[in-house]
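Please work through the following exercises with the sequence and the model open side by side. Each one sets a task and is followed by a solution in steps.

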Amino acid sequence: MTRLFLRRLRVVIPTLLLITLLSFMLRVIIPGGPAEALLGGSDNPDTIKMINERYGLDRPVWEQYFSWIGGVLRGDFGISYATGLPVVDVLGPRMASTLEIVGLGMLVALLVGGAVGMFAAIKRETRFGRFVFAISGLGVSVPVFWISTMCVGIFGASLGWLPVNGYTPWSAGVGPHLESILMPVLLIAVPPTAFTIRHVRSAMVAALDSPYIRAARAMGVSSARINFDLALRNAVGPVITFIPFLASTLVGELVIIDVVFVLPGLGASIIDAVHFRDFAALQAIVLLLAFAVVMLSLIADLVLTAIDPRRRKELA
């Protein structure tokens, strides 16, 4: 396992360095510099020069990059151009709702999608199996912004069952907090749950149609053991490798959910950073989200190796 970890680090470290470079280049690629953004479009050269000197933007690009990387390694993502506060102080409070909603959305997708996909594979020749396959296709194709708007209008505005805007912290009570995140969690989990259903179903069908399963049936092994022991065990591997992709889909839907439900999360921070040309905050958000996906890929690879004897044998 240690050998695998060190081998994967040889890929992960260059990947993270490339991500930092691409994140830093946002300030170069996006038109208009921080000074112009802070001045609201003013072209006063003296003021622009002063702002550039304050934030170190008058230095060569390569020097700015290495200075930024050094700060990131110390946990310092720079100063927000929009607020004048440290980026960590601006984004830190907003990460709470994001981590909670994305984490719960991932949990819903894995638990519900995994269970439904497994039974859809077992019952693939029945009406239930065909119905689940069709519904999962609909869940993949329907835009999240559309279904979110519809749910807000029906369950929030018309029926008044759940609040449709704002984030209620835990300090305000468990009930109000759960009510404020219930709809965002369920809606952000729609696409990854549909993807999980189809992926688990495909992996389970492949396992159930394999020769060793047919041999087990011929030997009189019970259906329960075939489905939940032999087939499911061999279908777990593809599902684990699928988890980082699930995380990336949740990140993509995060902006929509934060905007629709007026949540103070990283998705809303992305909108604010782009609107105010807050390159420091935007760089930090992109880097943090990309880092999370890369780390999930590494963890999934290590877990898959730990449970798969064939992969361990290859590393021996």
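**Exercise 1.** Determine at what angle helix α9 and α12 pack and how far apart their axes are.

Solution. Two packed helices are described by the angle between their axes and the distance between the axes. Helix α9 (residues 174-188) packs against α12 at about 140°, and the two axes are 10 Å apart. That angle makes α9 oblique to α12, given that angles under 35 degrees count as roughly parallel, over 145 as roughly antiparallel, 65 to 115 as roughly perpendicular and the rest as oblique. The axes used here are lines fitted to C-alpha atoms, for helices over the stretch in contact, and the angles run from 0 to 180 degrees between N-to-C directions. The crossing of α9 with α12 is right-handed; a crossing is left-handed if the near helix is turned anticlockwise from the far one by less than a right angle, and right-handed if clockwise. The helices themselves are DSSP runs (H or I, at least four residues), numbered from the N terminus, while strands would be runs of E of at least two.

The model is predicted, so that local features need pLDDT of at least 70 and side-chain atom pairs count only at pLDDT 80 or more, whereas totals for chains, interfaces and linings use all residues. Residues are numbered from 1 along each chain as its sequence is written, and side-chain values use heavy atoms, with hydrogens and water left out.

**Exercise 2.** Locate glutamate 179 and decide whether it is buried, partly exposed or exposed.

Solution. Glutamate 179 belongs to helix α9. With a relative accessibility of 41%, glutamate 179 counts as partly exposed, where buried means under 20% relative accessible area, exposed over 50%, and partly exposed in between (1.4 Å probe, protein chains only). Its C-alpha is 8.4 Å from that of threonine 168, a residue 11 positions apart from it in sequence.

**Exercise 3.** Describe how helix α6 and helix α12 cross.

Solution. The axes of α6 (residues 87-122) and α12 (residues 223-260) come within 8 Å of each other and cross at roughly 140°. The two helices are therefore oblique, and the crossing of α6 and α12 is right-handed.

**Exercise 4.** Work out the packing of α7 and α10.

Solution. The angle is about 140° and the axes are 8 Å apart, so α7 and α10 are oblique to each other. Their crossing is left-handed.
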